[in-house]
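Please read it with the model open alongside.

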Amino acid sequence: MTNRELKLKSIFLRKQILKYIYGAKAGHTGGSLSCVDILNVLYNKVLNVDPTDFKNANRDRYIQSKGHCVEALFVTLADRGFFPESDLETLCQYRSHYIGHPTKKVNGVEQNTGALGHGLPICVGEAIAAKLDSKSHRVFTLLGDGELPEGSNWEAFLSAAHYKLENLYAILDYNKQQITGNTSEVMNTDSVREKLEAFGWAVKEIDGHNVEEIEAALNNGPLQSGKPNFIIAHTIKGKGVSYMEGNLKWHHGVPSPEQYELALSELTEAEALI
Amino acid sequence: MGIANQQVFSETLQELAETDRTIIAVTSDSRGSGKLGPFGAKYPNQIVEVGIAEQNLVGVAAGLASAGKKTFAVSPACFLSARALEQIKNDVCYSDNPVTLVGISSGVSYGALGTTHHSLHDFAALRAINNIIIVAPADNFETEQAVRLAAKTNKPIYMRYGKKAMPFLNENNTTFEFGKGRTVRQGDDLVIIATGETVYPACLAAKKLEDRHGLKATVVSMHTIKPLDIELLEDLAANGRPIVTVEEHMVNGGLGEACASYLFQKGFKNSFKIIGIPDEYTITGSQVEIFNHYGISQDGIYKTCFDLIND
């Protein structure tokens, strides 16, 4: 896939996110739009995963710690052929497996997440197991900045560095907003780079909407030998829809018919510029 | 007299690890209290230390299990079942990662250290979570069997035991199955259903009832709290005998309430008494002293049984 195709895919996936949130009348719109470029690059350029053989023991692992942005994951998995896109028409409906957080009932989902601060410790276990077995697959998680205050993350930060898990990649969707307000005001986790470096991680900051930068950060080997990798992806909540960008109302806002049409037309305009 | 169930756990795990390199013990600065020092020395690649961080302990264990390791997460029962409850609920049970959670020094094994170090809530907390087997072995036989079976059972398991040497309850041990209670004494006059380290005083109480009054009690080691052996429970209740349950746990939400709930809904009207720790500020002391205080002793169980029969 060329970078142009990847960029077009990002626009497509944004439209898909909005389509299914609009249809379900529920979803985490802002966060899904902030992390979807990362998911696009992961599933189309980085992860060694096969929709027809997902349980292959040598697959790369991706565990979405910020489980509430499941819409971004679901549309990406559907696009990669993990399940028919029409399944998503049941999103959040009675007895659907396509619920508001990832579950293993859905092909392509590694772990049931949703409670915050859970993805990274599980990834540490997966990464230790891979090292013990001398396997070359890698382990990835996506963290939200709002979940950083969860103590379990910091327990896991310690252990990942202790075990020198250079096969582990934690990507921070750093949109700097959470449901109550700006993350720095709700609970200040600023200087996250310095914090993680002090914890023994190798850190790289990128533009989390730039597919080339995302791929370069994830596909060029460990950032530093013997250290786990922390990618700070600077993002914008609601990215791609002007009236949603940086507007907290869209944390889990659902667009009206007019807003939905406007969003689609903006994305179509952006598509034409690629 | 046998040895501490904790010691049996570590020796059995070490034996299993010799031939099964997928066995991993995860510890939270607990290899000393978990008797895993020799295990760690012999199999340094089969032990993962996470430091005093129980949430991470269980999360890491879930990841290891997901990657195909037979994972035993070993930590004091008080911290494991409370501090890491959300990780047990989500990362182990909900995600169905087959971790064996090993709660050491359970109940009031750390009696003198206070409520922070008591695990008298674990049955109740974990009974309310789907997809977990809860086991409290009574003696060395049950502990060894439970560890062997856990290594073969591809499901989430919580196992808890104490640190005191335990007597053997019955020399004629042949079978052990999760979810199947073990009858260690037979009698027609009443039934005592106990679990974990309270089975032994229950047996002593049964003997005293027989010696003093000729009353014969059936004593069952209900080592599996969940799934409960409802078939055995119905058999025990069938002829209307009084039933006494005994556990090293709060009366709230434990074995006794599980049995009572099942039997009541099935229409049984047996007289019934639950012996356990009452809902109050728990006293401190040695395990034996706390048992004596709350009637989880030979004399206490004897008296409760005798009073119930004569009620």
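In which sense do S8(B) and strand S11 (residues 243-250) of chain B pair, and over how many bridges? They pair in the parallel sense, over four bridges, where two strands are said to pair if DSSP finds at least two bridges between them. The model is predicted, so local features need pLDDT of at least 70 and side-chain atom pairs count only at pLDDT 80 or more, while totals for chains, interfaces and linings use all residues. Residues are numbered from 1 along each chain as its sequence is written, and chains are lettered from A and ligands numbered from 1 in the order in which they are written.

Helices (H or I, at least four residues) and strands (E, at least two) are DSSP runs numbered from the N terminus. Strand S8 (residues 190-194) of chain B is largely enclosed by the rest of the structure, because five of its five residues are buried. Here a residue is buried if 20 or more other C-beta atoms lie within 10 Å of its own, exposed if 12 or fewer, and partly exposed in between, with C-beta atoms placed from the backbone. In a regular strand the side chains alternate between the two faces of the sheet. Both faces of S8(B) are covered, with B:Leu190, B:Ile192 and B:Ala194 buried on one side and B:Val191 and B:Ile193 buried on the other.

S8(B) is also joined by five bridges to strand S9 (residues 217-221) of chain B, and these two strands run parallel. B:Ile192 has B:Val219 as its bridge partner in S9(B), and B:Ile192 stands opposite B:Val244 in S11(B). Together with helix H8 (residues 199-213) of chain B, S8(B) and S9(B) make a right-handed β-α-β unit; a crossover is right-handed if, with the strands pointing away from the viewer, the path from the first strand over the helix to the second runs clockwise.

Another strand of chain B, S3 (residues 70-76), is mostly covered, with seven of its seven residues buried. Strand S1 (residues 23-27) of chain B runs parallel to S3(B) and is joined to S3(B) by five bridges, and B:Ile24 stands opposite B:Thr71 in S3(B). S3(B) also pairs in the parallel sense with strand S4 (residues 100-104) of chain B over five bridges, where the bridge partner of B:Pro76 in S4(B) is B:Ile104.

**Domains and core**

Chain B is divided into domain 1 (5-160) and domain 2 (182-309), with bounds that come from an automatic or database domain assignment. The centres of the two domains, taken over C-alpha atoms, are separated by 26 Å. In total, 21 residues of domain 1 of chain B are in contact with 26 residues of domain 2 of chain B, two residues being in contact if their C-beta atoms, placed from the backbone, lie within 7 Å.

The largest nonpolar core has 168 residues, and those with the most contacts inside it are A:Val124, A:Ile171, B:Val26, B:Ala61, B:Ala73, B:Ile192 and B:Ala202. Domain 1 (5-160) and domain 2 (182-309) of chain B both give residues to this core, so it lies between them. A nonpolar core is a set of buried Ala, Val, Leu, Ile, Met, Phe, Trp, Tyr and Cys residues joined through C-beta atoms within 7 Å. The contacts of A:Val124, leaving aside neighbours within four places in sequence, include B:Val60 and B:Gly63.

**Where the chains meet**

In the interface between the chains, 23 residues of chain B are in contact with 22 residues of chain A. Helix H3 (54-66) and helix H5 (85-94) of chain B are the elements that give two or more residues to the side of chain B that touches chain A, and the largest share of that side, nine residues, comes from H3(B).

B:Ile309, found in helix H12 (residues 298-309) of chain B, counts as partly exposed because it has 17 C-beta neighbours inside 10 Å. A:Lys204, found in strand S6 (residues 202-207) of chain A, counts as partly exposed because it has 17 C-beta neighbours inside 10 Å.
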